Amino acid sequence: QVSASFMFNSAQALGQPLFLKELDWHFVSDVSTTTYACCLLVHCMGNQSEDLNIVLRYVAFACAWLFKLRDTWDSAMWQVLLVATYVLLAGYGVSQHTPSMRAQYHMPSLYN
């Protein structure tokens with residue numbers, strides 16, 4: 001993510017393509033940033049199933065790529081929707097690990 005951002009800014013500053021065109025580096029940077037945010041949220045969910053975590057990470061990458069293709073240069077509506085979905089999933093995952101929150105909201109546990 002950091003290297004893609006660096007290459008985008010370098011290509012923009014130099015006015016020359018560096019292996020990829022400037023807009024392509026911007027695309028890679030946006031996809032990797034969105035994927036990174038979603039992967040951090042998967043970690044925050046605290047799932048005990050590593051298989052579920054792997055699926056969620058792959059879904060995050062695939063959706064980040066597709067949603068960035070759908071969004072335009074100055075739009076991020078679909079990317080925000082993806083991150084918001086993962087925020088909600090992470091919030092639910094955190095609430096499942098907090099017994100007082102489960103009791104307060106009368107939520108059954110997914111891990112019993």
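## Contacts and overall make-up

Residues 24 or more positions apart account for 50% of the contacts in the protein with a separation of 6 or more. Contact means heavy atoms within 4.5 Å. The model is predicted: local features need pLDDT of at least 70, side-chain atom pairs count only at pLDDT 80 or more, and totals for chains, interfaces and linings use all residues. Residues are numbered from 1 along each chain as its sequence is written, and side-chain values use heavy atoms, with hydrogens and water left out.

The protein has five helices and zero strands. From the N terminus the order is α-α-α-α-α. Helices (H or I, at least four residues) and strands (E, at least two) are DSSP runs, numbered from the N terminus. Of the 112 residues, 28% count as buried. Buried means under 20% relative accessible area, exposed over 50%, and partly exposed in between (1.4 Å probe, protein chains only).

## Helix H3

Helix H3 covers residues 50–70. Its 21 residues should span 30 Å at 1.5 Å a residue, and its end C-alpha atoms are 30 Å apart, which agrees. The expected span is 1.5 Å times one less than the number of residues.

Which residues of H3 are buried? They are Asn53, Leu56, Ala60, Ala64 and Lys68. Seen down the axis of H3, these fall within an arc of 85°, so they line one face of the helix. The arc is that of the directions from the helix axis to the C-beta atoms. The buried residues of H3 pack against helix H2 (22–45) and helix H4 (77–96). On the other side of H3, Asp51, Tyr58, Leu66, Leu69 and Arg70 are exposed.

## H2 against H4

H2 and H4 pack at an angle of about 10°, with their axes 8 Å apart. That makes H2 roughly parallel to H4. Angles under 35 degrees count as roughly parallel, over 145 as roughly antiparallel, 65 to 115 as roughly perpendicular and the rest as oblique. Axes are lines fitted to C-alpha atoms, for helices over the stretch in contact, and angles run from 0 to 180 degrees between N-to-C directions.

The H2 side of this packing includes Asp30, Thr34, Cys38 and Leu41. They belong to a set that meets H4 residues, among them Gln79, Leu82, Tyr86 and Ala90. In H4, Gln79, Leu82, Tyr86 and Ala90 are among the buried residues. H4 has 20 residues and reaches 29 Å from its first C-alpha to its last, close to the 28 Å expected at 1.5 Å a residue.

Thr35 lies in helix H2. At 12% relative accessibility, Thr35 counts as buried. Leaving aside neighbours within four places in sequence, Thr35 is in contact with Ala60, Phe61 and Ala64.

## Aromatic pairs

A search of the whole structure finds three aromatic pairs. The rings of Phe61 and Trp65 have their centres 5.6 Å apart and their planes at 90°, so the pair is edge-to-face. Rings of Phe, Tyr and Trp (its six-membered ring) pair if their centres lie within 6.5 Å; planes under 30 degrees apart count as stacked, over 60 as edge-to-face and the rest as tilted. Ring pairs link Phe27, Phe61 and Trp65 into a cluster. Phe61 and Trp65 are four residues apart in H3, and therefore separated by about one helical turn. Phe61 is partly exposed at 37% relative accessible area, and Trp65 is partly exposed at 40%.

The rings of Phe67 and Trp78 have their centres 5.6 Å apart and their planes at 50°, so this pair is tilted. The pair links distant parts of the chain: Phe67 is in H3 and Trp78 in H4, eleven residues apart. Phe67 is partly exposed at 21% relative accessibility, and Trp78 is partly exposed at 28%.
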